[in-house]
Amino acid sequence: MIVITAPTGNIGRPLLSRLLESAPAAGEELRVIVRDPARLPDAARGRVEVVTGSHGDAEVLDRAFAGADAVFWLVPPDASLAPYDGFSGFTRPAVKALAAHGVGHVVGVSALGRGTPLAARAGLVTASLAVDDLIAGSGVAYRALANPSFFENLLEESDSIRDQGVFTDVVEADRKAPLVATADVAAVAAGLLLDRSWTGIGDVPVLGPEDLSPNDLARIMTAQLGRPVRYERRPLDELFTTLVGYGLNEAFVQGIVDMKRAKDEGLDAGVARTPDTASPTGFAQWCARTLKPAVLA
């Protein structure tokens, strides 16, 4: 029995799709925790056991983890809370439930940066690494998917790209860093959940096929979209003011700012790309398949 949290999100949805294809042949049953079952894909209906509710709720977890052998764990960021409270506070009931039900294996969504000088002051990344430590302390075999930023973050910029030919961030325009498609993260998670021969605690970096700078992204988007796209760098203090103006918790916003600053200082650059850490989806391929339809819609 594999339990999937956040099955309708950018990682959970492709993960669920992959497991629907491959889990039956492996003799695995699937169970999902979801707030709104209506958001599950049609292909899942009647083929997965559904536990309705939040996976931050102890009673929901007690039902969901009963008889489970493996869990896919993803913490949804809560912009109303300080990062540590939002990440570790959300995960503590799961740690108790994992132990209570004897769950053997957990695969979690985490971030790059562990072991670097920047890890302790990287905002949301620091909070995510603390979640890994919590789960690792529960006694389960644990693999943390250590991810860089996602291609999918650019979907938030689709209106600006369409209307103004501009996307923004706070990092230096020529700073190269790994980037990854969430579908590739899902593929790695599926492999770990289905083949549970691994033991102990470890990170599994998922780095995409190449490092890219914002200027590289602009060049590739220009070619794929058939229209000029350029990058504009925003000051960190402007980002803070804008997000607080949207009503987000100030400590959470500071966590975003600290994460962005750490990434601009090289947080994601500490892991070498090898055949084991690279993933296949290139940015041009992702643009053609995902960004272009969103921009041209």
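This report walks through the sheet, the helix packing and some salt bridges of a predicted model.

Residues are numbered from 1 along each chain as its sequence is written. Because this is a predicted model, local features need pLDDT of at least 70 and side-chain atom pairs count only at pLDDT 80 or more, while totals for chains, interfaces and linings use all residues.

**Sheet.** Let's start with the open sheet: seven strands in the order S3-S2-S1-S4-S5-S6-S10, with parallel pairing. Strands here are DSSP runs of E with at least two residues, helices are runs of H or I with at least four, and both are numbered from the N terminus; two strands pair if DSSP finds at least two bridges between them. S3 (49–52) and S10 (201–205) sit at the edges with a single partner strand each, so one side of each has no neighbour in the sheet. From one strand to the next, the twist averages 20°. Zooming in, S4 (residues 70–73) and S5 (residues 105–111) run parallel and are joined by four bridges; in S5, glycine 108 is the bridge partner of tryptophan 73.

**Helices.** H4 (residues 124–136) lies across S4, S5, S6 (141–147) and S10, at about 165° to S5. Angles like this run from 0 to 180 degrees between N-to-C directions, with axes fitted to C-alpha atoms, for helices over the stretch in contact; contact means heavy atoms within 4.5 Å. Elsewhere, H7 (residues 214–225) and H10 (residues 283–296) pack at about 65°, their axes 10 Å apart. Among the residues meeting there are Leu217 and Ile220 from H7, and Phe283 and Leu291 from H10.

**Salt bridges.** The structure has 19 of these, each a side-chain nitrogen of Lys or Arg within 4 Å of a carboxyl oxygen of Asp or Glu.

| Pair | Closest N to O |
|---|---|
| Arginine 114, aspartate 203 | 3.9 Å |
| Lysine 260, aspartate 169 | 3.0 Å |

Arginine 114 is in the loop between S5 and H4 and aspartate 203 is in S10, so this pair ties together parts 89 residues apart in sequence. Glutamate 265, in the loop between H9 (250–264) and H10, pairs with arginine 121 in the loop between S5 and H4, so parts 144 residues apart are tied together. Aspartate 169 belongs to S8 (residues 166–169) and lysine 260 to H9, so that link spans 91 residues in sequence. Salt bridges that share partners also join Arg114, Asp132, Asp133 and Asp203 into one network.

How values were computed
Heavy atoms only, no water.
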